[in-house]
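This report starts with one residue and then widens to the whole chain. Please look over the sequence and the coordinates first.

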Amino acid sequence: MTIAMYAFLILFLLFSGIHLSDSWKDDAVARKKTKPFLLIFLILFYVTAARAKGGPEYHLLLALVTSWLGDVLLIPKGHHWFALGGIAFGASHIFFILVYTQNIVFEGMHWWLVIPIALIYFAVAFAIIWAVQPTTPKIMVGPMYIYLLANATMNSFALMQLITHRSPGSVVAFIGALLFFISDCTLFLVRYYKKNEDLVFHKHFTVMLTYLAGELLIVVGMLMQA
């Protein structure tokens, strides 16, 4: 454990706290100033922490980098920027799946548990898109389905990793993946559901709290497994 590792973790938590405070106040201008730095500090924390365990895992590093790119692309307004951010985050889910796959033993997998839970994820994804579809541009509906299904699939692989290992690290990573899914579902409600104030607590605060906690827990969980 190095001083640099703790320094980057503190910076991530500090900037996250500032960003969440601005999100609570719904200060869009202030939120834009801190958002580009959040995942940068988490990436640096992961790289420095992973050095003691043989170096960073390539796919996990790519997952974090594409998540950061998604953050940046979501800053400007406009459906095309939102779509580009979704593509970047979709890539991050694919890389997370590749990370989990390395730790999964598919032979003897408890499919009786995996399949029903995966179907619940998919059902929630369809319910969210169905709820926002009337107030969502038609061109965005298809990509939104694909994106949430990608996140649901990523969560299913996190579950399979948990079933394979049943270790504290796999539990932490699974919780992180679940929070990521909650964040994305909440984001779509905040952005496209007309009466989102009735459903989402402090809108962007909830989106970013679950997102940042999810990313951090995935990283910490995978470090615990390394």
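Phe181 counts as buried, because its relative accessibility is 5% and the cut-off for buried is under 20%. The model behind this value is predicted. Phe181 sits in helix H7, which covers residues 168-192.

What does Phe181 touch, leaving out residues up to four places away in sequence? Its partners are Tyr121, Val124, Ala125, Leu148, Asn151, Ala152 and Asn155. Helix H5 runs over 111-132 and helix H6 over 138-165. Phe89 is a further reference point. Phe181 and Phe89 stand 92 residues apart in sequence, yet their C-alpha atoms are 12 Å apart in space.

Next comes Thr136. Thr136 lies in the loop between helix H5 and helix H6. A polar atom of the Thr136 side chain lies 2.5 Å from the backbone oxygen of Val132. Thr136 also touches Val141, Met144 and Tyr192, again not counting residues up to four places away in sequence.

The table sets the two residues side by side.

| Residue | Place | Relative accessible area |

Now the chain as a whole. How many helices and strands does the protein chain have? It has eight helices and zero strands. Read along the sequence, the pattern is α-α-α-α-α-α-α-α. The radius of gyration is 17 Å, close to the 17 Å that the globule rule gives for 226 residues, so the chain is as compact as a globular protein of that length. The C-alpha trace spans about 45 × 45 × 25 Å along its principal axes.

Burial and contacts follow. Of the 226 residues in the protein chain, 46% are buried. Take the contacts between residues at least 6 apart in sequence: 74% of them join residues at least 24 apart.

The protein chain exposes about 11000 Å². Carbon and sulfur atoms supply 74% of that area. The chain carries 14 positive and 10 negative charges.

Methods: Residues are numbered from 1 along each chain as its sequence is written. This is a predicted model: local features need pLDDT of at least 70, side-chain atom pairs count only at pLDDT 80 or more; totals for chains, interfaces and linings use all residues. Side-chain values use heavy atoms; hydrogens and water are left out. Helices (H or I, at least four residues) and strands (E, at least two) are DSSP runs, numbered from the N terminus. The radius of gyration is taken over C-alpha atoms; the globule rule is 2.2 Å times the number of residues to the power 0.38. Buried means under 20% relative accessible area, exposed over 50%, partly exposed in between (1.4 Å probe, protein chains only). Contact means heavy atoms within 4.5 Å. Accessible areas come from the Shrake-Rupley method with a 1.4 Å probe; for residues, only the protein chains shown count as cover. Lys and Arg count as positive and Asp and Glu as negative; His and the chain ends are not counted. The place of a charge is taken as NZ of Lys, CZ of Arg, CG of Asp or CD of Glu. A polar contact is a pair of N or O atoms within 3.5 Å; within protein, one must be able to donate a hydrogen and the other to accept it, and residues adjacent in sequence count only if both atoms are side-chain atoms.
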